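Biologist: Could we go through this protein by question and answer, starting with the whole chain and then turning to single residues?

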Amino acid sequence: MDTFDWPWQYNFPPFFTIQPNVDTRKKQLEAWCNLVLAYYRHKKLYSLDVGESQTSLLFSNKKLDRKLSIDAIYTILEELCKRGNVEWKDKTKKQCLLMWRTPDEWGKMMYQWVCDNGKNNTVCTLYELVNGDDTNNEEFYGMEDWLLARSLKTLQAQNKAIMMGTDGVKFL
């Protein structure tokens with residue numbers, strides 16, 4: 001996998017402390033949200049454990065000897081939640097699902113692949129859709145089941161697909 005291109009802010013020590021000035025904090029949170037989504041997209045990750053995240057490369061810059069506090073991580077995740085990119089897995093907010101694309105965007109991308117590859121009016125297993133040889137160069141390759149199901153439900157709501165139990169989908 002290619003190396004991740006860190007934004008300039010990642011090497012700026014104040015980036016790792018939530019800023020008190022409202023305008024500065026707004027820009028900082030925007031940069032953090034963009035960084036989290038870009039990093040998770042690059043690594044093809046979909047879940048985050050808050051307890052483990054503080055020591056992750058994303059929130060801890062060893063070169064600067066700086067890391068975000070747990071409170072700062074929660075601030076960023078809550079901002080991502082407001083934007084629709086994060087959903088909490090539990091009421092204690094210890095783990096979350098992270099979506100760098102919405103299920104609707106994923107559904108559109110999959111349907112475009114279906115149309116481009118003449119798969120209309122065919123049935124695909126969910127496994128072949130996200131793990132098959134035909135899709136190994138697609139961004140949705142390797143997608144987790146929960147996000148795949150949500151994405152396909154958006155297509156079903158648009159009458160572009162019909163779910164076939166829990167294992168398949170027919171694209172219309």
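The questions below go from the whole chain to single residues.

Modeller: This is a predicted model, in which local features need pLDDT of at least 70, side-chain atom pairs count only at pLDDT 80 or more, and totals for chains, interfaces and linings use all residues. Residues are numbered from 1 along each chain as its sequence is written, and side-chain values use heavy atoms, with hydrogens and water left out.

Biologist: How many helices and strands does the protein chain have?

Modeller: Helices (H or I, at least four residues) and strands (E, at least two) are DSSP runs, numbered from the N terminus. From that end, the order of elements is α-β-α-β-β-α-β-β-α-β-α-α-β-β. The count for the protein chain is six helices and eight strands.

Biologist: What percentage of the residues in the protein chain is buried?

Modeller: Buried means under 20% relative accessible area, exposed over 50%, and partly exposed in between (1.4 Å probe, protein chains only). The protein chain has 172 residues, and the buried share of them is 39%.

Biologist: Is S53 buried or exposed?

Modeller: S53 sits in helix α2, which covers residues 50–53. Beyond its neighbours within four places in sequence, S53 is in contact (heavy atoms within 4.5 Å) with L48, F59 and I73. Its relative accessible area is 5%, so S53 counts as buried.

Biologist: Which residue has its backbone oxygen 2.7 Å from a polar atom of the S53 side chain?

Modeller: A polar contact is a pair of N or O atoms within 3.5 Å; within protein, one must be able to donate a hydrogen and the other to accept it, and residues adjacent in sequence count only if both atoms are side-chain atoms. The backbone oxygen at 2.7 Å from the side chain of S53 belongs to V50.

Biologist: Is C124 buried or exposed?

Modeller: C124 is likewise in no disulfide, with the sulfur of C115 as its nearest cysteine sulfur. C115 is partly exposed, at a relative accessible area of 37%. For C124 the relative accessible area is 3%, so C124 is buried.

Biologist: In which loop is K93 found?

Modeller: K93 is not a glycine, yet its phi is positive, near 55 degrees. With a relative accessible area of 31%, K93 is partly exposed. Its loop is the one between β4 (86–88) and β5 (95–98).

Biologist: Is N121 buried or exposed?

Modeller: N121 also has a positive phi, about 60 degrees, although it is not a glycine. N121 is in the loop between α4 (103–116) and β6 (122–125). Its relative accessibility is 57%, so N121 is exposed.

Biologist: Which strand holds I162?

Modeller: I162 is partly exposed, with a relative accessible area of 40%. Together with V123, M164 and L172, I162 forms a nonpolar patch on the surface. The strand that holds I162 covers residues 161–164 and is β7.

Technical notes:
Patch = residues over 30% accessible without salt bridge, like charges linked within 9 Å, V, L, I, M, F, W, Y side chains within 5 Å. Areas by Shrake-Rupley, 256 points an atom, 1.4 Å probe, with all protein chains shown as cover. Salt bridge = Lys/Arg side-chain N within 4 Å of Asp/Glu carboxyl O. Disulfide = S-S within 2.5 Å.
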